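Colleague: I am new to this structure and would like to go through it with you, one question at a time. Could you take me through the strands and then the aromatic rings?

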Amino acid sequence: YYSQSYWQTSTDNCWFAGDLDEIRFSTNSKSMSWMRTEYNNQSLPSSFYSQGLINTGTSVINIGANNLIIGGNFDHTGAGAISGSGKVIFTDPARVSVISGITTFPNLECTTGGKQLTFEAGSRQTITGDLTLTGSFGNSLVLRSSDDGSQWYIDPQGTVNVSYVDVQDSNNINPTAIYAPLSHDNGNNTNWDFDIATLTWNGSSSTNWGAAMNWDLGYVPNS
């Protein structure tokens, strides 16, 4: 905390009418985008949070080190990228989030069990950093194509953490298979590695054999 009302440079005294809560010194100049992001983060943090539709067109979104939290749809109808070191996080299990277009994400995350992410058929999502897709016991994260039977493409290039997902129509174009323990292969998936394990039916939730909660490991078994 700095409470003085002026500071001195090598050539002049500089006066400031107020208190300074934080001072940072940098050895390089900052871009206008960086300054705008810093200002918005302090003055209106809600600008980095969205529960509705985000339509970016073909633009590049710079989120800096902040997280972009989305409960609704993400429409990137052109081809572009999200720059920065933050995460794009999908939330709200009550809503299906449709992800359209071709996008490069710095980090992509959804840890909301029961949530469904629907990817535009034929679209490609590249993740240069961390990919985290995890549901929970008996409440899988659902990954689907916008057109049943038509694949959507994913290219995770960094650390991959995937579990308790229910996947269909996905084509992983990265040379390394996506290992998805405790997850259900719902068909037409390419270069995914699902566990083939012996599960025990307990019927604790209903008589539905396709309900994850009715199996002892919390997911529907793979054939």
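Colleague: In which sense do strand 13 and strand 16 pair, and over how many bridges?

Modeller: In this predicted model, strand 16 covers residues 160-163, and within strand 16 the residue V162 is the bridge partner of L133. Taken as a whole, strand 13 and strand 16 pair in the parallel sense, and the number of bridges between them is four.

Colleague: Which residue of strand 13 stands opposite E109?

Modeller: Strand 10, which spans residues 108-110, also pairs with strand 13, in the parallel sense and over three bridges. Within strand 13, the residue that stands opposite E109 is T132.

Colleague: Are the residues that point either way from strand 13 buried or exposed?

Modeller: Strand 13 runs over residues 131-134, with L131 and L133 pointing one way and T132 and T134 pointing the other way. Whichever way they point, these residues of strand 13 are all buried.

Colleague: Why does T103 count as buried?

Modeller: T103 has its place in strand 9, residues 96-105, and, leaving aside residues up to four places away in sequence, T103 touches F74, H76, G80, I82, R124, Q125 and T126. The cut-off for buried is under 20% relative accessible area. T103 counts as buried because its relative accessibility is 1%.

Colleague: How many aromatic pairs does the structure hold, and why is the pair of F119 and W152 stacked?

Modeller: The structure holds seven aromatic pairs. For F119 and W152, the ring centres are 3.9 Å apart and the planes stand at 10°, so this pair is stacked. F119 lies in strand 11 (residues 116-119) and W152 in strand 15 (residues 152-156), so the pair ties together parts that are 33 residues apart in sequence. Both residues are buried, and the angle that goes with the stacked arrangement is 10°.

Colleague: What are the distance of the centres and the angle of the planes for W201 and W215?

Modeller: The pair is edge-to-face, because the ring centres of W201 and W215 lie 5.6 Å apart while their planes stand at 80°. Both residues are in the segment after strand 21 (192-194), 14 residues apart. The values asked for are thus 5.6 Å and 80°.

Notes. Residues are numbered from 1 along each chain as its sequence is written. This is a predicted model: local features need pLDDT of at least 70, side-chain atom pairs count only at pLDDT 80 or more; totals for chains, interfaces and linings use all residues. Side-chain values use heavy atoms; hydrogens and water are left out. Buried means under 20% relative accessible area, exposed over 50%, partly exposed in between (1.4 Å probe, protein chains only). Helices (H or I, at least four residues) and strands (E, at least two) are DSSP runs, numbered from the N terminus. Two strands pair if DSSP finds at least two bridges between them. Contact means heavy atoms within 4.5 Å. Rings of Phe, Tyr and Trp (its six-membered ring) pair if their centres lie within 6.5 Å; planes under 30 degrees apart count as stacked, over 60 as edge-to-face and the rest as tilted.
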